[in-house]
Amino acid sequence: MTPEQLKASILQYAIQGKLVEQRPEEGTGEELYRQIQEEKQRLIKAGKIKKEKSLPKIAEDEIPFDIPESWKWVRLPEIGTSSLGKALNKGLDIGNEVPYLCSINVYWDGINLNQIKKAKFSAIDMEKYLLRRGDLLICEGGDVGRSAVWDRDIEMYYQNALHCVRFFGAINPYYFKHCLELYKYNRILESASKGMTIKHLVQGALYSIPFPLPPLAEQKRIVAKIEELLPYVDRYATAYEKLEQFNAKFPKDMKKSVLQYAIQGKLVEQRPEEGTGKELYRQIQEEKKRLINAGKIKKEKPLPEIAEDEIPFDIPESWRWVRLSELMNSMSTGPFGSMLHKSDYVSNGIPLVNPANIVNGAIIASEKMMVSGETAKRLEPYTLRAGMIILGRRGEMGRCAVVGKAEDGWLCGTGSFFMMPSSCIFVNYLSVFVTTPYAKGYLSGASVGTTMSNLNHKILNSMPVPLPPLAEQKRIVDKLEEILPLCERLK
């Protein structure tokens, strides 16, 4: 249950007579209604208010919910006067310049006097639109029905965006403010309001709404109980917001933790019969020598040994730290921007793969980023082959995917690296590794550029990678494929 729903439930219970008990000695809503009518007649005879047309009786289908037998359904004009405030026309108004309220000053939790405006009111208007303590102010437009009780004795007037309800006799205005708040939640106010795009609670609409009338003492007890409970709702709202933030972060944090555990050797057990990372490293180096001797790959300058201060975390004894380039038979960037122009793009051509095309470990082609077969032939050195890894080198680090059979023959875009791992490596393990918090942090921290991150060969070549035995790499990926969908479901 959200804090809003909890507050609405409390108000619903309150205005249905279920929050506090009914006490026979406090009288009935009918008796209070008669007292109010007597006061109303006195005010009419004294010329303080005008006699208005009788309102229709409240029909059965107008009653929104059940109330106690001791209560009574009424309409506002039966128990008080209601009028919209002064329509301001600064060019025509004459008289004293006085402070006035408009809808921006009225909130459910009270009156905000920080944005008080002033205007000239005539002597007649000053008497008519002067607020008294206990007046209930209701927003006519915008956030329809937003209400507050005027609880001050200072001089203040009200503008035409507000209804001012002044009750006859003994009425607790805060009780009716809570009624309106409930009616806001359950859309009774919205249903009564006029207008399509911007709703307005016009005078006739306000008059048409039925309100439950309890005895005065019970009104006071209802208000006191609501005010006792609302601080708990506020506390609940604070806790709820923290929980929502936690729930929003938890799947991502869980995924990060699982990935980090995977490359620290904590996700699956180590098995001696599967060999060691050191043995696998020797196999990779032997394969590289064969390919170099066969002229299939170029010999590269050896990189320095990984220093102690470069090692970010402990790994199992059977694993080995290596640099990324030591695991690759080739590593290249996409074509320079000058090699591709807008005029080269065609529809229904051969897709280019830029960082934006790498989404959640998959490669998604874009119809706007395709080239003709002729252009693809010109860019043949940048052709992707199944088993390669493609990695974004701009923007968000860690965008990575394995090139599958479907993408074989596509082209690496200008914003990406494409790499062919050693056949001794399980390519999906390397793809997963690049998405881990450690790898993303390394690539982001070591990357160069000001407005966006840009990787270069030196950064990528030098990245330390934890190398488990081949069979363990496969078991790690299998376990991740089992666990990571569960993290996604948590969202």
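This is a predicted model: local features need pLDDT of at least 70, side-chain atom pairs count only at pLDDT 80 or more; totals for chains, interfaces and linings use all residues.
Me: Which residues of α1 are buried?
Reply: The buried ones are P3, K7, A8, I10, L11, A14 and I15.

Me: And where do they sit around the axis of α1?
Reply: They are on the same side of α1, because they cover an arc of only 160° around the axis. Here is a handy general idea: an α-helix has 3.6 residues a turn, so residues three or four places apart point the same way.

Me: Nice. What covers the buried residues of α1?
Reply: The cover includes helix α5 (173-185), strand β11 (210-213) and helix α8 (216-263).

Me: What comes after α1?
Reply: α1 is followed by G17, and the phi of G17 is positive, near 80°.

Me: Can we zoom in on A14? Is it buried or exposed?
Reply: A14 lies in helix α1. Its relative accessibility is 0%, so A14 counts as buried.

Me: Which residues is A14 in contact with, leaving aside its neighbours within four places in sequence?
Reply: A14 is in contact with L19, W71, I222 and I226.

Me: How far apart are A14 and Q245 in space?
Reply: They are 31 Å apart, C-alpha to C-alpha. In sequence, A14 and Q245 are 231 residues apart.

Me: New topic: salt bridges. How many are there in the whole structure?
Reply: A search of the whole structure finds 28 salt bridges. As background, side chains of opposite charge can pair when their charged atoms come close.

Me: Give me one. What does E21 form a salt bridge with?
Reply: E21 pairs with R221, and their closest N and O atoms are 3.6 Å apart. This pair links distant parts of the chain: E21 is in the loop between α1 and α2 (29-45), R221 is in helix α8, and they are 200 residues apart.

Me: Are those two buried or exposed?
Reply: They differ in label. E21 is partly exposed, with a relative accessible area of 42%, whereas R221 counts as buried at 17% relative accessibility.

Me: Which residues are linked with E21 in a network of salt bridges?
Reply: The network links E21 with R23, E26 and R221.

Me: How about E472, is it buried or exposed?
Reply: E472 is buried, yet it has no salt bridge. The nearest side chain of opposite charge is R475, 4.4 Å away.

Me: Where is E472, and what does it touch?
Reply: E472 is in helix α14, which spans residues 470-490. Not counting residues up to four places away in sequence, E472 touches V268, E269, Q270, E274 and W319.

Me: On to strands. In what order do the 3 strands of the open sheet come?
Reply: The order is β6-β3-β9, and the pairing is mixed. β6 (117-121) and β9 (157-158) stand at the edges with a single partner strand each, so one side of each is left without a neighbour in the sheet.

Me: How many bridges join β3 to β6?
Reply: 5 bridges join strand β3 (residues 96-101) to β6, and the two run antiparallel. In that pairing, P99 has K118 in β6 as its bridge partner.

Me: Last one: how many residues of strand β21 are buried?
Reply: 5 of the 6 residues of β21 (residues 416-421) are buried, so this strand is largely enclosed by the rest of the structure. β21 pairs in the antiparallel sense with β13 (residues 328-333) over 5 bridges, and M328 stands opposite P421 there. β21 also pairs antiparallel with β18 (residues 389-392) over 4 bridges, where I389 has M419 as its bridge partner.

Key: Residues are numbered from 1 along each chain as its sequence is written. Side-chain values use heavy atoms; hydrogens and water are left out. Buried means under 20% relative accessible area, exposed over 50%, partly exposed in between (1.4 Å probe, protein chains only). Lys and Arg count as positive and Asp and Glu as negative; His and the chain ends are not counted. A salt bridge is a side-chain nitrogen of Lys or Arg within 4 Å of a carboxyl oxygen of Asp or Glu. Contact means heavy atoms within 4.5 Å. The arc is that of the directions from the helix axis to the C-beta atoms. Two strands pair if DSSP finds at least two bridges between them.
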